[in-house]
Amino acid sequence: MCVVGVLFAGVIGVVLGLLAGYFGKWVDNVIMRVVDIIMSIPGILFMLLLAAALGPGITTIIISMEC
């Protein structure tokens with residue numbers, strides 16, 4: 001399961017990097033700002049927000065810990 005997550009993240013990273021490198025300028029700035037926003041949210045806060053959005057349950061806990 002972890003391998004799938006790493007491969008998925010790698011594919012997304014490569015695609016975003018290729019887009020930013022090819023188009024440059026504003027596309028690069030938009031991708032960089034979105035990644036900055038995502039990286040600024042602590043993991044535990046993201047888990048709590050995701051759990052609040054999905055509702056209570058063991059499935060929610062598993063999904064939030066995987067992200």
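The pLDDT is the predictor's confidence in each residue, on a scale from 0 to 100.

**Figure 1. Confidence along the predicted model.** This structure is a predicted model, and across the protein the pLDDT averages 84, with 94% of the residues scoring at least 70. Among the elements of the protein, helix 2 has the highest mean pLDDT, at 89, whereas helix 4, which covers residues 58-66, has the lowest, at 75. Where pLDDT is low, the predicted coordinates should not be read in detail.

**Figure 2. The nonpolar surface patch.** Phe8, Val11, Ile12, Val15, Leu16, Leu19, Tyr22, Phe23, Val35 and Met39 together make a nonpolar surface patch of about 1,000 Å². The elements that give two or more residues to this patch are helix 1, residues 2-23, and helix 2, residues 25-40. Helix 1 provides the largest share of the patch, with eight residues. An α-helix has 3.6 residues a turn, so residues three or four places apart point the same way.

**Figure 3. Isoleucine 12, a member of the patch.** Isoleucine 12 lies in helix 1 and is one of the residues that make the nonpolar patch. Its relative accessibility is 39%, and isoleucine 12 therefore counts as partly exposed, because this class lies between the buried limit of 20% and the exposed limit of 50%.

**Figure 4. The aromatic pair of tyrosine 22 and phenylalanine 23.** The count of aromatic pairs comes to one. In this pair the ring centres of tyrosine 22 and phenylalanine 23 are 5.0 Å apart and the ring planes stand at 85°, so the arrangement is edge-to-face, a class that requires planes over 60 degrees apart. Tyrosine 22 counts as exposed because its relative accessibility is 67%, and phenylalanine 23 also counts as exposed, with a relative accessibility of 51%. Both residues belong to the nonpolar patch.

**Figure 5. Glycine 24, between two helices.** Glycine 24 lies in the loop between helix 1 and helix 2. With a relative accessible area of 16%, glycine 24 is buried, since the buried class covers values under 20%. The C-alpha atom of glycine 24 is separated by 25 Å from that of leucine 7, and the two residues are 17 residues apart along the chain.

**Figure 6. Helix 3 and the glycine that follows.** Helix 3, made of the twelve residues 43-54, reaches 16 Å from its first C-alpha to its last, which is close to the 16 Å expected at 1.5 Å a residue. Just after helix 3, glycine 55 takes a positive phi of about 95°.

How values were computed. Residues are numbered from 1 along each chain as its sequence is written. This is a predicted model: local features need pLDDT of at least 70, side-chain atom pairs count only at pLDDT 80 or more; totals for chains, interfaces and linings use all residues. Side-chain values use heavy atoms; hydrogens and water are left out. Patches are made of residues with over 30% relative accessible area and no salt bridge: like charges are joined within 9 Å, nonpolar side chains (Val, Leu, Ile, Met, Phe, Trp, Tyr) within 5 Å. Accessible areas come from the Shrake-Rupley method with a 1.4 Å probe; for residues, only the protein chains shown count as cover. A salt bridge is a side-chain nitrogen of Lys or Arg within 4 Å of a carboxyl oxygen of Asp or Glu. Helices (H or I, at least four residues) and strands (E, at least two) are DSSP runs, numbered from the N terminus. Buried means under 20% relative accessible area, exposed over 50%, partly exposed in between (1.4 Å probe, protein chains only). Rings of Phe, Tyr and Trp (its six-membered ring) pair if their centres lie within 6.5 Å; planes under 30 degrees apart count as stacked, over 60 as edge-to-face and the rest as tilted. The expected span of a helix is 1.5 Å times one less than its number of residues.
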